[in-house]
Amino acid sequence: MRVENKIALVTGGSRGIGRAVVERLAAEGATVVFVYQSNREAADALVARLGGEGRAVRAAQADVRDPARAQQLVDEIVEQHSRLDVLVNSAGIVRDGLLGAMVAEQWRDVIETNLFGTYNYCRAVAQQMMYQRSGSIVNLSSTAAEFASRGQVNYAASKGGIDGLTRAMAKEFAQRKVRVNAVAPGLIETDMSKAVRGLVGDRLKEIIPLKRIGTPAEVAGVVAFLASDDAAYITGQVLRVDGGLSLGGY
């Protein structure tokens, strides 16, 4: 129960890694509000299931590209609970394609969702967390920020931006006792990674030292650690959860 009685906001919480984060934070005692964009059915099902287990979870519809909506949600949470302890930015998309064939819309969609969306929610919680002199922000990055693949220039750029944003924010917020870190997953079993996993196939055993892909729950465990007081002396870090993929070599 590392985050017991903490108030958490999670973006992209209805699917994939975001859903696993909601489940883990709720299981460890947090009150969780999660943001979903369009899949209300999945969001309602998650709320119903966790509510049936006695967890305090609520869903809110929002497009993370909308800064006014981000601020509105944060204000509502603070009005109800008088504080906000944890922010996890997990919302993200892919629009893969080779640069020579990539249209501006593919670039814009990924940058605005992944990078601007992260900025919007970080900006929305900044004043409250600095005022209360406590808080933990965890941004979802990717090993693609450093070890990019062909056809992912937009995705790699967005995640590289998140790494830089995380480090700069950590320095700005440290004097107010607000920590900012990122988690960089490698190949994780989610719908978003299905195409990449399909291309790699059996080569996984050759390129990942642990010889398997990761699970959303394994990423969520690291996020919960960074959100908790167990990580009280960690800020400005990007922790890789990739089964050793980024080690390279043979």
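This is a predicted model: local features need pLDDT of at least 70, side-chain atom pairs count only at pLDDT 80 or more; totals for chains, interfaces and linings use all residues.

Residues are numbered from 1 along each chain as its sequence is written, and side-chain values use heavy atoms, with hydrogens and water left out.

In soluble globular proteins, nonpolar side chains tend to be buried together. A nonpolar core here is a set of buried Ala, Val, Leu, Ile, Met, Phe, Trp, Tyr and Cys residues joined through side-chain atoms within 4.5 Å. Buried means under 20% relative accessible area, exposed over 50%, and partly exposed in between (1.4 Å probe, protein chains only). The largest such core has 31 residues, and Leu25, Val32 and Val88 have the most contacts inside it. Two or more of its residues come from each of β1 (7–11), α1 (16–27), β2 (31–36), α2 (40–52), β4 (86–89), β5 (135–140) and α8 (216–227). These elements are DSSP runs numbered from the N terminus: helices are H or I with at least four residues, strands E with at least two. A second, separate core has 28 residues, among them Val78, Ala124, Ala126 and Val178.

Contact means heavy atoms within 4.5 Å. Leaving aside residues up to four places away in sequence, Leu25 touches Val3, Ala8, Val10, Ala30, Val32, Val88, Ala224 and Ala227.

Helices α1 and α8 have axes that come within 8 Å and cross at roughly 55°. Axes are lines fitted to C-alpha atoms, for helices over the stretch in contact, and angles run from 0 to 180 degrees between N-to-C directions. Angles under 35 degrees count as roughly parallel, over 145 as roughly antiparallel, 65 to 115 as roughly perpendicular and the rest as oblique. The α1 and α8 pair is therefore oblique. On the α1 side, Gly16, Ile17, Ala20, Val21, Arg24 and Leu25 meet Pro216, Ala217, Val219, Ala220, Gly221, Val223, Ala224 and Ala227 of α8. By class, this contact has 11 nonpolar, two polar and one charged residues. Ala, Val, Leu, Ile, Met, Phe, Trp, Tyr, Cys and Pro count as nonpolar, Asp, Glu, Lys and Arg as charged, and the others, Gly among them, as polar.

In the second pair, the axes of α4 (residues 104–132) and α5 (residues 153–173) come within 8 Å and cross at roughly 15°, so these helices are roughly parallel to each other. Their contact has 15 nonpolar, six polar and one charged residues.

Val138 lies in strand β5 and is buried, because its relative accessibility is 0%. Beyond residues up to four places away in sequence, Val138 touches Leu87, Val88, Asn89, Asn181, Val183, Val223, Leu226 and Ala227. Arg19, in helix α1, is partly exposed at 36% relative accessible area. With the same exclusion of residues up to four places away, Arg19 touches Gly12, Gly13, Ser14 and Leu46.

Most residues other than glycine have a negative phi. Asn5 has a positive phi of about 70°; the residue sits in the segment before β1 and is exposed at 55% relative accessibility. Lys177 has a positive phi near 65°. The place of Lys177 is the loop between α5 and β6 (178–185), and its relative accessible area of 56% makes it exposed.
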